[in-house]
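Dear colleague,

I am passing a structure on to you, together with some notes on what came out of going through it. Please have it open beside this message while you read.

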Amino acid sequence: MQTCSEVIRVTEVSKQYRSRTQTDGYRGFFRGLFNPDYEYHQALDGINLSLGRGESLGFLGANGAGKSTFAKILCGIQRPTTGQVEVLGFTPHTRSSAFYKKIGVVFGHKHSLWWDLPVRRSFDLARRLYSIDQRKFDRNRTELCDALNLASVLERPVRVLSLGERVKCELAMNLLHSPEVLLLDEPTVGLDLSSRSEIRQYLNRLRSERGISIFMTSHDMGDIEGCCENVLLLHQGRIHYDGKLSSLKQKFRKDVKVRMTPADHVFDLQVCSTLAQSLCERGANLEILTLSQEEVLFKVDKNDVNALSSTLIGTFNPNLEISYPDLEEIMLNQLTQWREAP
Amino acid sequence: MLGLSTRGARAIAYGHASFSTMVCDRGMLVVDFCLATTVPYLVQLLIWQYVYQEQNGSDIAGFGYHQLVFYYAYALALARLNNGYDVIAQLSAHIHEGRLEVQLTKPFPYPLQKLFGFLGESSLYFLPLLIILLVQVVHSGAPAVPHNPTYVLGMAALLVLSQILCFTLSFCIGLASFWIVRSGILLTLLTTLSALLSGLLLPPDLWPSFLQPVMAWNPLRFMVAAPAELMVKPDNELLLWSVVVSFAYCVICASLACLAWRKSLESYHSVGG
């Protein structure tokens, strides 16, 4: 049962694909014509999630993790093999017009703009398509053009626009009807820094002012950090983390970098090495990345930061700079770890 | 009622956008109107002029020289009007490039988007038909379509049905793109079938007698040969029969297209972004 404030509810959703296996040789070819062999691929496995009104959720994972498949299930393009999906009380794969009038869908690398016509014409078509009242349409269009800096491209044919301009126009077109839920699949792909920033700012504004709910998949950690409070980490079709973005950083942050620079005199390198070795022998997990008389850089497990810091202060009384990895680094480490030991 | 008017507005919007897309491509218009239509017509004109001279002007399979000249003019214009090439090409591109997905998330079913887009694009090709009709009216050698309003309405219905038939048939063929890798073969299939069976190369009456049943009953005939024939040789009975059979074919093809569309989407596993 979907609660009033819940806009997306997903229960035990799995998706399995089958594809024909390619067989070599003429015999395999002819056998495949009449009795093909299939191999099955589990794209999603037991996914549960919910998204409330005005909330934002980022979907993270490596290529092939199942992010886009899940986005397509949410917007009704694909049907889950098992499980239930409800978006705004609709079952997406029934593809009702009423459902699509309430959501906005943007695939960053695909667009539905009219290629040979000015952008304005695509927007006009959207007005008819979503039965948008003329005044509301004018207001929304002006607001979107201002926020995404699109006023100058309205009269230009889509085919002459840059990739970034096209992506922004596609986003604007899908926001003209003021959707209640926005499903974004890599919405900032190919955009420059200022365009990304414009989009993130506008999405946040929509969320705070209109209570729009946002579901986003992206490989750009800036998008996730800039727009999403909650994240869901997917690996091989299964959820490995579901919670606040800040908690994700805590959970998957393993290594911390500690930079030591001398306060008054240069370091004795021999002492530094011995000290690191003795800490390791006592069970600390650390590694020296840079070793010079002017700077020593340690990579240390987050649980051993205190032990290392107090030892260094007690021995050298140096200047210490502790830096925590950003989301991109955390994700890179985690994905590398999964790839090496799946 | 509101639902109908909303759907109508969406349909018109798609038709209008498609029409505008056609109009803005001036190069294509020049090639399509001036070369792709005029040159084959001139070739036919020269061939049949020679044939009729050899026959001392007597009728061939019930066609006088002027009738055949106008038949080819209409057949060429109708073949361009009822051309499903773009329907198949666009559908294949949308499926293979994954662009179908963005279209599926619109509050207007994809097949209807394509239907009204097709009608919008095709509307431009009514112009050559009107020009030929005008020439036929002022030309004394060939009888024009009767001024009887029932006949005119019947012809209008047949033309609309021929458009719908062309779309549904092409859409059915295009849906095969869900299962095949190279869609070029579908376009070749359409082009070949149209050339052979529609009556574009030869009026059905000129084909050998053992092929007559195929030429009389195949659906492509009702897109090109039947309306062309009825424009140059008005026949109330043939018109009624053509309208009824065209309607039946439209229902069959539309049902097939709906079934195939549902089946296609069930097996549509466009994974990845």
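In which helix is the place of A:S309? It is helix α11 of chain A, made of residues 305-316, that holds A:S309. Please keep in mind throughout that this is a predicted model.

When its neighbours within four places in sequence are left aside, A:S309 is in contact with A:V258 and A:L320. As for A:E340, which is 31 residues away from A:S309 along the chain, the C-alpha atoms of the two are separated by 31 Å.

Turning to chain A as a whole, the domain assignment divides it into domain 1, covering 6-250, and domain 2, covering 254-324. The C-alpha centres of these two domains of chain A lie 45 Å apart.

Two sheets of chain A deserve a description. One is an open sheet of three strands in the order β2-β1-β4 of chain A, with antiparallel pairing. In this sheet β2 and β4 of chain A are at the edges and have a single partner strand each, so one side of each is left without a neighbour in the sheet. Neighbouring strands here are turned against each other by 25 degrees on average, direction ignored.

Going through the pairings of that sheet, strand β1 of chain A (residues 6-20) and strand β2 of chain A (residues 38-52) run antiparallel and are joined by eleven bridges; within this pairing, A:S19 has A:E39 in β2(A) as its bridge partner. Between β1(A) and strand β4 of chain A (residues 82-87), which also run antiparallel, there are five bridges. On the β4(A) side, A:V87 stands opposite A:I8, while A:T82 stands opposite A:S14.

The other sheet is also open and has six strands, in the order β5-β6-β7-β3-β8-β9 of chain A, and its pairing is mixed. Its edge strands are β5 and β9 (238-244) of chain A, each of which pairs on one side only.

Most residues other than glycine have a negative phi. By contrast, phi of A:R95 is positive, near 50 degrees, although the residue is not a glycine, and A:N149, which is not a glycine either, has a positive phi of about 60 degrees. A:R95 lies in the loop between β4 and α3 of chain A, whereas A:N149 is in the loop between α5 (134-148) and α6 (163-173) of chain A. As to their surroundings, A:R95 counts as buried because it has 20 C-beta neighbours inside 10 Å, but A:N149, with 14 such neighbours inside 10 Å, counts as partly exposed.

Chain B is built of twelve helices and has zero strands. The radius of gyration of chain B is 20 Å, close to the 19 Å that the globule rule gives for 273 residues, so chain B is as compact as a globular protein of that length. The C-alpha trace of chain B spans about 70 × 40 × 35 Å along its principal axes, and 37% of the 273 residues of chain B count as buried. If one takes the contacts in chain B between residues at least 6 apart in sequence, 80% of them join residues at least 24 apart.

Finally, there is the question of how the chains meet: how many residues of chain A are in contact with chain B? There are 27 such residues of chain A, and they are in contact with 23 residues of chain B. On the side of chain A that touches chain B, at least two residues each come from α2 (67-74), α3 (97-100), β5 (103-107) and α4 (119-129) of chain A, and α4(A) gives the most, with four residues. By class, this side of chain A has twelve nonpolar, seven polar and eight charged residues.

With best regards

How values were computed
Residues numbered from 1 in each chain as written. Chains lettered and ligands numbered in written order. Predicted model: local features only at pLDDT ≥ 70, side-chain atom pairs only at ≥ 80, totals over all residues. Contact = placed C-beta atoms within 7 Å. Nonpolar A, V, L, I, M, F, W, Y, C, P; charged D, E, K, R; others polar. Rg over C-alpha atoms; globule rule 2.2 N^0.38 Å. Buried ≥ 20, exposed ≤ 12 C-beta atoms within 10 Å, placed from the backbone. Pairing = 2+ DSSP bridges. Domains from an automatic or database assignment. Axes fitted to C-alpha atoms, helices over the stretch in contact; angles between N-to-C directions.
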